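Colleague: I have the model open beside its sequence and would like to go through it with you, one question at a time.
Modeller: Gladly; please start wherever you like.

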Amino acid sequence: MLGRVLGGQKSLRIADRIGLGLIMGVLGGLIIYLLIANMGIIEATSLFAILNVLFMVGGIGFGASTNWQTPVEAKMKSHIIYDPDEDDEEFDRQIEEAFKGSN
């Protein structure tokens, strides 16, 4: 379920999705490991902890791949660069031409 939600987020970049998926997988796997270990259902070993984390990351990866949406590409913003030395001369020339045309 976490993977499906993460894969459907168009506003996140691909690197952000992968990073969040790994973080959520590690934390989720450790939380499940601690819950199961505290209940005494299965013997708590380091192999069990590693497998929990791997399965959680794999599940998030699978869920994300089934609901993957391509991220929205940000449009480049245009910037106006103002050079006072060159632009003032050009502006003055255009004003003088406009005044000469109106006379």
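Colleague: Is Phe 48 buried or exposed, and what is its relative accessible area?

Modeller: This is a predicted model, in which local features need pLDDT of at least 70 and side-chain atom pairs count only at pLDDT 80 or more, while totals for chains, interfaces and linings use all residues. Residues are numbered from 1 along each chain as its sequence is written, and side-chain values use heavy atoms, with hydrogens and water left out. Buried means under 20% relative accessible area, exposed over 50%, and partly exposed in between, with a 1.4 Å probe and protein chains only. Phe 48 is therefore buried, with a relative accessible area of 17%.

Colleague: Which residue forms an aromatic pair with Phe 48?

Modeller: Rings of Phe, Tyr and Trp (its six-membered ring) pair if their centres lie within 6.5 Å, and planes under 30 degrees apart count as stacked, over 60 as edge-to-face and the rest as tilted. A search of the whole structure finds 1 aromatic pair. With 5.8 Å centre to centre and 50° between the planes, this pair is tilted, and the partner of Phe 48 is Tyr 33.

Colleague: How many residues apart in sequence are the parts that this pair ties together?

Modeller: Helices (H or I, at least four residues) and strands (E, at least two) are DSSP runs, numbered from the N terminus. Tyr 33, which is itself buried with a relative accessible area of 15%, lies in helix 2. Phe 48 lies in helix 3 (residues 46–66), so the pair ties together parts whose separation in sequence is 15 residues.

Colleague: Which ring does the charged end of Arg 17 sit over?

Modeller: A charge sits over a ring if NZ of Lys or CZ of Arg is within 6 Å of the ring centre and within 35 degrees of the ring normal. For Arg 17 the charged end is 4.3 Å from the centre of the ring, which belongs to Trp 68.

Colleague: What is the relative accessible area of Asp 16?

Modeller: Asp 16 has its place in helix 2, and its C-alpha atom is separated by 9.7 Å from that of Leu 6, 10 residues apart along the chain. Asp 16 is partly exposed, with a relative accessible area of 29%.

Colleague: How many helices does the chain have, and how many strands?

Modeller: From the N terminus on, the elements run α-α-α-α. The count for the chain is accordingly 4 helices and 0 strands.
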